[in-house]
Amino acid sequence: MIMAPRKQQGMTAISFIILLMIFGFIGMIAIKLFPVYLEHFKVSSALKSMASDQRSKDASDDEIKETIMKKLQIDDVKSLTKDDIQISDSRDGRTVTIEYESRVNMVGNVDAVVKFEGERVEIH
């Protein structure tokens with residue numbers, strides 16, 4: 001009587017190691033990029049607070065930039081400069097736009113550049 005081999009089920013050790021490496025790589029990217037997106041959240045919050053601040057209505061462009069930079073300094077945001085803030089006149093008031101890049105070292109000489117653009121508010 002010849003018995004058919006039992007069908008094996010499950011994952012081999014090599015495929016488990018490969019899967020572990022893939023999840024480790026994805027986890028490393030998430031850990032490295034999380035602070036960048038946290039900073040962007042702080043930038044967005046500072047910009048939105050400018051729109052609701054009544055003092056910004058009568059402030060000059062430089063005063064608006066200074067106020068934003070002070071808020072970002074308190075929140076320990078380092079990847080943004082005054083040059084990344086543009087203020088332009090619009091029909092109803094002024095538009096404040098922030099566009100910047102943030103560079104993060106991933107591994108060795110490999111960096112990730114995250115570009116944030118189009119963040120804007122209207123000040124009436």
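**Entry 1: surface and burial.** I note that the model is predicted. I then looked up burial, and 28% of the 124 residues of the protein chain count as buried.

**Entry 2: overall form.** I checked the radius of gyration, which is 24 Å for the protein chain, whereas a compact globule of 124 residues would have a value near 14 Å. I also recorded the extent of the C-alpha trace along its principal axes, about 95 × 30 × 20 Å.

**Entry 3: elements and contacts.** I found 2 helices and 3 strands in the protein chain. Read from the N terminus on, their order is α-α-β-β-β. I next turned to contacts with a separation of 6 or more, and residues 24 or more positions apart account for 50% of these in the protein chain.

**Entry 4: charges.** I looked up the 17 positive and 19 negative charges of the protein chain, and their mean positions are 9 Å apart.

**Entry 5: E39.** I located E39 in helix α1, which covers residues 13–52. Which side chain of opposite charge is nearest to E39? I found it to be K42, 6.8 Å away. I then listed what E39 touches, leaving aside residues up to four places away in sequence: D76, V77, K78, S79 and Y100.

Notes
Residues are numbered from 1 along each chain as its sequence is written. This is a predicted model: local features need pLDDT of at least 70, side-chain atom pairs count only at pLDDT 80 or more; totals for chains, interfaces and linings use all residues. Side-chain values use heavy atoms; hydrogens and water are left out. Helices (H or I, at least four residues) and strands (E, at least two) are DSSP runs, numbered from the N terminus. The radius of gyration is taken over C-alpha atoms; the globule rule is 2.2 Å times the number of residues to the power 0.38. Buried means under 20% relative accessible area, exposed over 50%, partly exposed in between (1.4 Å probe, protein chains only). Contact means heavy atoms within 4.5 Å. Lys and Arg count as positive and Asp and Glu as negative; His and the chain ends are not counted. The place of a charge is taken as NZ of Lys, CZ of Arg, CG of Asp or CD of Glu. A salt bridge is a side-chain nitrogen of Lys or Arg within 4 Å of a carboxyl oxygen of Asp or Glu.
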